[in-house]
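Please have the sequence and the coordinates at hand while reading.

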Amino acid sequence: MASILRFRKLCYVEPAVKCSSLSIKSFDHTPKNTKKDESFVPPPPPPPVAVTPLEVLSDKKKRRRKEPKEWRCLDWCCWMIGYLCTTWWLLLVVFNSLPGFQVPESPGTKLKREGLTALHPVVLVPGIVTGGLELWEGRPCAEGLFRKRLWGGSFTEIFKRPLCWLEHMSLDNETGLDPPGIRVRAVPGLVAADYFAPGYFVWAVLIENLARIGYEGKNLHMTAYDWRLSFQNTEVRDQALSRLKSKIELMFVSNGYKKVVVVPHSMGVLYFLHFLKWVEAPAPMGGGAGPGWCAKHIKAIMNIGPAFLGVPKTVSSLFSAEAKDIAFARAMAPGVLDSEILGLQTLEHIMRVTRTWDSIMSLIPKGGETIWGNTDWSPEEGYDCDPTKKKYLQASSTDRSQSTNETDGKLGFRVEDPVRYGRIISFGKETSQVPSSELPAFDSKEFSRGRTQQKSNSSCGDVWTEYDEMSRESIRAIAENKAYTARTLTDLLHFVAPKMMRRTEAHFSHGIADNLDDPKYSHYKYWSNPLETKLPDAPDMEIYCLYGVGIPTERSYVYRLSPSDRCKSIPFRIDSSADGSDGGCLRSGVYFVDGDETVPVLSAGFMCAKGWRGKNRFNPSGSPTYIREYKHKAPALLEGRGLESGAHVDIMGNVALIEDVMRVAAGATGTEVGGDRIYSDILRMSERINLRL
């Protein structure tokens with residue numbers, strides 16, 4: 001054993017030793033007295049080879065390479081993470097080094113360098129859906145969720161306990177308030193709507209940029225309210241309007257008597273329009289501040305993505321819990337959403353919940369056929385959804401004489417098949433296109449008779465939606481070659497959702513006032529409709545309409561009866577098989593016009609373009625109005641949701657819009673920020689609308 005150890009020492013430590021010869025001599029154990037064959041001549045020994053430690057290690061590595069290595073899941077995960085991190089860092093290097101990929105300077109940094117500082121206090125008013133809601137009291141199934149977000153967060157509870165979540169997000173179907181044993185309240189503070197979900201900003205970018213020029217908690221406020229409730233019920237249950245009034249007064253005094261700049265978004269513009277009337281109306285229905293409160297406290301109202309005249313997609317949401325995304329999904333994967341095997345019935349659950357949210361009813365199109373058109377006419381006629389294929393033709397004298405094809409007298413454009421957008425719901429593609437003379441006459445008494453004669457489908461058992469209370473005959477009668485306009489839609493909704501519409505009639509109105517001095521318009525249900533109320537007496541209060549353009553936006557729908565006649569199902573659906581010609585405005589059962597993907601230009605811009613422009617019966621003090629449109633530009637590589645986006649929510653990160661808001665908050669007037677900036681056809685559309693001013 002000792003000799004072996006000495007051999008290993010010589011070979012590995014002393015490379016000059018000839019191990020081969022040493023090995024022969026050291027381990028020749030032939031006995032000395034043994035006789036050897038004298039004729040045997042041993043072969044000459046091989047030449048000595050010096051073995052170094054590096055060569056020995058190299059031999060070991062080669063042997064290891066030949067051995068197959070077993071990969072574990074941990075090894076695969078580590079390699080994948082390594083590849084992803086390496087790719088991310090490479091893209092980050094490219095983004096920050098190549099020309100055109102540098103991160104642009106933020107509006108706040110740019111304007112701070114120009115010398116802008118915080119001047120007027122700013123109040124932010126979120127719209128529907130974007131504000132957070134948290135649980136204060138719930139049923140046993142919601143154990144452990146006290147003051148946890150049910151809406152506006154990670155939404156994990158939807159997957160953990162979906163039916164419990166739906167129950168707590170619903171309101172009472174009779175009162176429109178809390179169901180017994182449930183209290184869900186708005187999240188207070190700036191965190192209420194800075195992010196809708198992790199990584200998905202709403203107000204966060206605007207707040208950050210305002211902070212760069214000096215804004216903070218004392219001069220920046222987020223209006224927290226439960227967006228599910230009707231506007232007046234936010235005061236009845238939570239005193240939200242009173243708290244907003246007190247907050248504005250406090251900010252006005254504590255910031256050197258500087259007037260407040262209010263920035264509402266989406267449905268928030270209707271909520272604040274309601275507030276403008278409430279705050280000056282006498283108590284107990286109103287805030288009792290008296291005339292002049294708005295003129296004293298408010299400098300400007302900068303409405304982002306305003307839905308002043310409603311949103312057509314609200315109709316499809318209430319009628320069948322659908323919109324273009326659901327229609328496109330059905331077109332791409334027919335049968336998945338309606339699979340009886342899966343039995344998810346997602347749309348039915350959505351309809352049950354959303355029909356209890358009274359605020360949605362504030363978004364039904366307002367102004368009837370005067371604003372939105374009838375079966376023969378609409379203000380958007382002539383719009384081409386594919387601008388690359390517009391045919392510019394000299395308008396004929398015949399076209400000039402007809403309001404349906406009116407032009408500006410210069411070069412106008414026409415599409416081959418005129419779209420009758422006034423038919424907001426049509427059953428069948430042919431019904432949406434045929435002349436009105438071929439449509440069956442609409443009889444509102446038919447709905448009245450149907451409501452008294454309809455019998456519930458008793459075989460369905462438990463009632464899920466109000467459709468389960470209707471007979472199949474009355475459902476089929478609704479869809480027989482019928483087309484519904486903004487005027488007849490209310491009759492249709494009364495027929496299919498009578499409970500919801502009873503609450504709606506108590507809190508909202510969607511018409512046009514003949515005489516605004518009529519005492520009936522002092523009721524709060526008219527206050528959120530700009531066509532049935534006056535602006536306050538505030539001649540210096542500026543009103544802005546800030547919205548995106550250049551994105552196809554839902555305007556009207558082609559419907560059909562659902563092929564399934566099973567219980568607890570929605571009997572109507574958008575006909576995803578209905579398509580127009582290439583580049584046309586009809587895709588998967590949805591007609592499109594110009595807008596910000598949610599609100600059409602007509603709804604967002606009409607009041608600033610015509611309804612409130614100058615002194616008129618809707619704006620008796622002549623408050624100045626400005627239109628600021630933002631042409632949509634798709635985001636570049638690695639740009640996230642885009643710095644020049646015009647989409648309804650993404651526009652909150654639009655650099656130009658943020659600059660406009662900051663300049664006005666810092667003291668600029670509408671003229672100083674550039675006045676009107678218009679890319680759409682809103683002025684021509686407004687001229688086509690025959691509204692008495």
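Which cysteine forms a disulfide with Cys 141, and how far apart are their sulfur atoms? The structure shown is a predicted model, and in it Cys 141 forms a disulfide with Cys 164, the two sulfur atoms being 2.1 Å apart.

## The disulfide of Cys 141 and Cys 164

Cys 141 is located in the loop between strand S2 (133–137) and strand S3 (149–151), whereas Cys 164 belongs to helix H7 (residues 162–169), so the pair ties together parts that are 23 residues apart in sequence. The link of Cys 141 and Cys 164 is right-handed, with 80° about the S-S bond.

Cys 141 has a relative accessible area of 32% and is partly exposed, while Cys 164, at 9% relative accessibility, counts as buried because the limit for a buried residue is under 20%.

## The disulfide of Cys 545 and Cys 608

The count of disulfides comes to two, and a further pair is formed by Cys 545 and Cys 608, whose sulfur atoms are 2.0 Å apart.

Strands S3, S2 and S4 make up an open sheet of three strands in the order S3-S2-S4, and their pairing is antiparallel. The edge strands are S3 and strand S4 (183–186), each of which pairs on one side only. On average, and with direction ignored, neighbouring strands of this sheet are turned by 45° against each other.

Between S2 and S4, which run antiparallel, there are four bridges, and Glu 137 has Arg 183 in S4 as its bridge partner. Helix H7 packs on this sheet and touches S2, S3 and S4, its direction making about 80° with that of S3. Helix H7 also holds Cys 164.

## Backbone details

Most residues other than glycine have a negative phi, and most peptide bonds are trans. Against that background, Ser 266 has a positive phi of about 55° although it is not a glycine, and its place is in the loop between strand S8 (260–264) and H11. At 10% relative accessibility, Ser 266 counts as buried. Ser 588 also has a positive phi of about 55° without being a glycine; Ser 588 lies in the loop between strand S17 (586–587) and strand S18 (590–595), and is buried, with a relative accessible area of 10%.

Which peptide bond is cis, with omega near 5°? The bond from Ala 283 to Pro 284 has this geometry, and Pro 284 is found in the loop between helix H11 (268–280) and helix H12 (293–297).

Conventions:
Residues numbered from 1 in each chain as written. Predicted model: local features only at pLDDT ≥ 70, side-chain atom pairs only at ≥ 80, totals over all residues. Heavy atoms only, no water. Helix = DSSP H or I, 4+ residues; strand = E, 2+ residues; numbered from the N terminus. Buried < 20%, exposed > 50% of the residue type's maximum accessible area, 1.4 Å probe, protein only. Disulfide = S-S within 2.5 Å. Pairing = 2+ DSSP bridges. Axes fitted to C-alpha atoms, helices over the stretch in contact; angles between N-to-C directions. Contact = heavy atoms within 4.5 Å.
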